[in-house]
Amino acid sequence: MQIFSVENGMTKAWENKAHASNINQVTCHPTNENQFASVGSDRTLKVWDKRKDKPVHTERSKVEIINGVFSPDDGNTLVTCNFEEELTFYDPRTWQVVRQIKFKNEVDDFMWDKTGSVFFLGDNTGRISLFEGGPSSTKTQASVQLSGVHISGRCDCLCMHPDNT
């Protein structure tokens, strides 16, 4: 994994090879410019401080982790998803699992709105679900089924306009 500075051209600012195989996702902490997390095919979630040579924390999973995202408001939640359709919500201050949710369909992408108050999830059937509140909430605010939009009918990625519209 490498971090490049774009201030003086593309100069390498940091490098580490702690993952044993492919890195599937990298997410930056929204309030701590030195912290970021990576998830990989080696079944690990690694949390980094770019001022250090080694990960500051590592979580191991029974299967490959495919995605990971910090909550955008304060970074006090980090959610990961693995190939068994399990979302795991961590509190990065204690590294306790706050909640784990098993879905029946393949989870393709997930994200929060800019405020961290609504969590979006897209799956392989083309369904996008919105959940109000944090990871302890089970209240589904809304759900929409995409049909005829894409050939595959999947929802492989989600994106929100920067002004939250």
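This is a predicted model: local features need pLDDT of at least 70, side-chain atom pairs count only at pLDDT 80 or more; totals for chains, interfaces and linings use all residues.
1. Main core. The largest nonpolar core has 13 residues. Within this core, V79, L87 and F119 touch the most other members. Four strands each supply at least two of its residues: β8 (78-82), β9 (86-91), β11 (107-112) and β12 (118-123). The largest share, 3 residues, comes from β11.

2. F119 in detail. Neighbours within four places in sequence are set aside here. F119 is then in contact with V79, L87, F89, F110, M111, W112, S129, L130 and F131. Two of these partners, V79 and L87, are named with F119 as the residues that touch the most other core members.

3. Another core, of 9 residues, lies apart from the largest one. Its members include A37, L45, I65 and F70. As a general point, nonpolar side chains tend to be buried together in soluble globular proteins.

4. Surface patch. F4, V6 and M10 make a nonpolar surface patch of about 330 Å². M10 sits in the loop between β1 (2-5) and β2 (11-15). Is M10 buried or exposed? M10 is exposed, because its relative accessible area is 61% and the cut-off for exposed is over 50%.

5. D49. This residue lies in strand β5 (residues 44-49). D49 counts as buried because its relative accessibility is 10%, and buried means under 20%. Its side chain makes a polar contact with the side chain of R51, at 2.6 Å. Leaving aside neighbours within four places in sequence, D49 is in contact with N34 and V56.

Notes
Residues are numbered from 1 along each chain as its sequence is written. Side-chain values use heavy atoms; hydrogens and water are left out. Patches are made of residues with over 30% relative accessible area and no salt bridge: like charges are joined within 9 Å, nonpolar side chains (Val, Leu, Ile, Met, Phe, Trp, Tyr) within 5 Å. Accessible areas come from the Shrake-Rupley method with a 1.4 Å probe; for residues, only the protein chains shown count as cover. A salt bridge is a side-chain nitrogen of Lys or Arg within 4 Å of a carboxyl oxygen of Asp or Glu. Buried means under 20% relative accessible area, exposed over 50%, partly exposed in between (1.4 Å probe, protein chains only). A nonpolar core is a set of buried Ala, Val, Leu, Ile, Met, Phe, Trp, Tyr and Cys residues joined through side-chain atoms within 4.5 Å. Contact means heavy atoms within 4.5 Å. A polar contact is a pair of N or O atoms within 3.5 Å; within protein, one must be able to donate a hydrogen and the other to accept it, and residues adjacent in sequence count only if both atoms are side-chain atoms.
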